[in-house]
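Work through the exercises below with the sequence and the structure open. Each task is followed by a solution in steps.

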Amino acid sequence: MNQHLASVPVEPPLPKGIHADLPLPDPELGALWDSIVLDEHIKQQLLGQAVLNFTIRRRVPRTVLPLHGVILLVGPPGTGKTSLARGLAHRVAESFIGKAFRLIEVEPHSLTSSMLGKSQRAVTELFSQAVAESAERGPTIVLLDEVETLAADR
């Protein structure tokens with residue numbers, strides 16, 4: 001057996017439904033943020049809201065501020081929503097110098113099933129286990145791309 005190949009660490013497979021699990025900040029994702037043509041004021045509002053979610057969210061009771069840190073981007077296909085979200089994740093992490101953030105990208109297509117209740121169980125398992133475990137290790141941003149897949153009438 002080749003000694004060199006035996007010493008290469010093997011990454012464990014990602015849990016079902018997770019497309020990517022990336023450390024942040026990531027300069028490549030920062031380039032996406034810079035490449036999106038959008039009014040700078042809107043970009044700053046998005047960044048401000050996202051940073052706010054990581055600063056005061058835990059200190060304010062949900063009865064006072066019921067939001068759960070969700071930012072929803074809506075628009076036609078191919079307009080840069082995913083790139084904007086990835087870039088935003090980078091910029092948020094960059095705003096917290098010295099903190100290790102993670103970006104988890106969820107692939108909803110892999111969670112759907114035509115069997116009644118199976119999709120719901122897969123989503124519940126994803127958030128109660130995989131995402132929760134990542135969040136225990138530090139600040140985690142979850143990108144649900146094409147989330148409408150989970151709400152489609154099957």
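**Exercise 1.** Which residues of α3 are buried?

Solution. The model is predicted: local features need pLDDT of at least 70 and side-chain atom pairs pLDDT 80 or more, while totals for chains, interfaces and linings use all residues. Residues are numbered from 1 along each chain as its sequence is written, and side-chain values use heavy atoms, without hydrogens and water.

Step 1. Helices (H or I, at least four residues) and strands (E, at least two) are DSSP runs numbered from the N terminus. Buried means under 20% relative accessible area, exposed over 50%, and partly exposed in between (1.4 Å probe, protein chains only).

Step 2. In α3, K43, L46, L47, A50 and N53 are buried. Seen down the axis of α3, these buried residues fall within an arc of 120° (taken from the directions from the helix axis to the C-beta atoms), so they line one face of the helix.

Step 3. Their cover includes α2 (27–35) and α4 (81–95).

**Exercise 2.** Describe the largest nonpolar core and the contacts of I141.

Solution. Step 1. A nonpolar core is a set of buried Ala, Val, Leu, Ile, Met, Phe, Trp, Tyr and Cys residues joined through side-chain atoms within 4.5 Å. The largest one has 18 residues, and L24, L88, V92, F101, L103 and I141 have the most contacts inside it.

Step 1. At least two core residues come from each of α2, α3, α4, β2 (101–106) and β3 (140–144). The largest share, 6 residues, is that of α4.

Step 2. Beyond its neighbours within four places in sequence, I141 is in contact (heavy atoms within 4.5 Å) with residues including L24, F54, V92 and F101.

**Exercise 3.** How do the rings of F54, F96 and F101 pair?

Solution. Step 1. Rings of Phe, Tyr and Trp (its six-membered ring) pair if their centres lie within 6.5 Å; planes under 30 degrees apart count as stacked, over 60 as edge-to-face and the rest as tilted.

Step 1. F54 and F96 are edge-to-face, at 6.4 Å centre to centre and 70° between the planes. F54 lies in helix α3 and F96 in the loop between α4 and β2, 42 residues apart.

Step 2. F96 and F101 have ring centres 5.4 Å apart and planes at 35°, so this pair is tilted. F54, F96 and F101 form one aromatic cluster.
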